[in-house]
Amino acid sequence: MTTPLALLLALVLPLAVDARSLRSPAEVPAAECVALPRPTMRIRLILERDVPPSLRAPLETVIADVWRDEGIQIQWLPGAAAGQADPSTNIWLRITAKTIDTRRQPAPTLGHVRFMDGVPHSHVVVSWQAVQDWVRMQRDRMFGNHFVGAPHAGLRIAGFDAFAVRALGYAAAHEVGHFVLASRGHDRDGLMRPDIGPMVAGDSTPADLRLAPASRETLRSRLLRGAECPQLRSAAR
Ligand SMILES: [Zn+2]
């Protein structure tokens, strides 16, 4: 009798262990959690040398305003050296004074997020130089119509016109969008359209600054998935 009982136990015990692990809440693997959005995103904003430090405050305001409307609070962390390991940082947002390599892009690239096997990397780069070039190009091209209305209205922030600062902020908010949505794709309208022009234009509407409905739905489901991350669970306890 002992042999069949031992056999039975040997079969039942592993099953019991499996059942116990099934009963615990479905946790998302830590590796996947790194790239999932949270209700509060901690962004470490790094202004490279040659990027005016006075851009920091207005830039933070524009990005936080955009994402607050989508239900995400931004907590800003002070800048630090690139590559410094820090698990409390969700996104490293680097503003560079250099242009971004555009060899594989048909249009000037204002910013980018790298993807590895479909997973966005937490280092987001936006080029202040490329944004200023873009603003100059828009003014040259559209001189005389509504597009130049805003920059000549006398609004200036710490030596920069509000138009260029907003362009930088929307470009950065858009790149953050690629990260939180885990998508390189673009929408026809709103924050994730490929061209920030309508966002910065004098006649932009609130919808121009918001996510399109499909992307908002993607964000909602990714936030739900992010809420299952073990890091958030332990923080909530
Ligand atoms: Zn984009």
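Tutor: Let us begin with a definition: the expected span of a helix is 1.5 Å times one less than its number of residues. Keep in mind throughout that this is a predicted model.

Student: How do you know that the span of helix H7 agrees with its number of residues?

Tutor: Helix H7 covers residues 213–226, which makes 14 residues, and at 1.5 Å a residue these should span 20 Å; the end C-alpha atoms are 20 Å apart, so the two values agree.

Student: Which residues of H7 are buried, and what puts them on the same side of the helix?

Tutor: The buried residues in H7 are Ser215, Leu219 and Gly226. They cover an arc of only 45° around the axis, and therefore they sit on the same side of H7. The face turned away from that buried side carries the exposed residues Pro213, Glu217, Ser221 and Leu224.

Student: How do you know whether the span of H3 agrees with its number of residues or disagrees?

Tutor: The 13 residues of H3 should span 18 Å at 1.5 Å a residue, and the end C-alpha atoms of H3 are 18 Å apart, which agrees. In H3, the residues Leu59, Val62, Ile63, Val66 and Trp67 are buried. Seen down the axis of H3, these buried residues fall within an arc of 120°, so they line one face of the helix. On the other side of H3, Ala57 and Arg68 are exposed, while the cover over the buried residues of H3 includes E2 and H5.

Student: What makes E2 and E4 edge strands of the sheet?

Tutor: The sheet is open and has five strands, in the order E2-E1-E3-E5-E4, with mixed pairing. Strand E2 (73–77) and strand E4 (111–116) each have a single partner strand, and two strands count as paired if DSSP finds at least two bridges between them; one side of each of these two strands is therefore left without a neighbour in the sheet, which places them at the edges. The twist averages 30° from one strand to the next.

Student: Why are E3 and E5 called paired strands, and how many bridges join them?

Tutor: Strand E3 (residues 91–96) and strand E5 (residues 119–127) run parallel and are joined by five bridges; because pairing requires at least two bridges, the two strands count as paired. Within this pairing, Trp92 has His123 in E5 as its bridge partner.

Student: Which helices lie across strands of this sheet, and at what angles do they run?

Tutor: Helix H3 (residues 56–68) lies across strand E1 (40–47) and E2, and runs at about 155° to E2. Helix H5 (residues 162–181) lies across E3, E4 and E5, and runs at about 170° to E5.

Student: Which residues touch the most other members of the largest nonpolar core?

Tutor: That core has 46 residues, and Val131, Ala167 and Leu168 touch the most other members. E1, H3, E3, E5, helix H4 (128–142), H5 and helix H6 (197–200) each supply at least two of its residues, and the largest share, 13 residues, comes from H5. If residues up to four places away in sequence are not counted, Ala167 touches Val131, Trp134, Val135, Ile196 and Val200.

Student: How do you know whether Asp50 and Asp117 are buried or exposed?

Tutor: Asp50 has 10 C-beta neighbours inside 10 Å and therefore counts as exposed, and Asp117 is exposed because 4 other C-beta atoms lie within 10 Å. Asp50 lies in the loop between E1 and H3, and has a positive phi of about 80° although it is not a glycine. Asp117 is placed in the loop between E4 and E5, and has a positive phi of about 50°, although it is not a glycine either.

Key
Residues numbered from 1 in each chain as written. Predicted model: local features only at pLDDT ≥ 70, side-chain atom pairs only at ≥ 80, totals over all residues. Helix = DSSP H or I, 4+ residues; strand = E, 2+ residues; numbered from the N terminus. Buried ≥ 20, exposed ≤ 12 C-beta atoms within 10 Å, placed from the backbone. Arc of directions from axis to C-beta. Axes fitted to C-alpha atoms, helices over the stretch in contact; angles between N-to-C directions. Contact = placed C-beta atoms within 7 Å. Core = buried A, V, L, I, M, F, W, Y, C linked by C-beta atoms within 7 Å.
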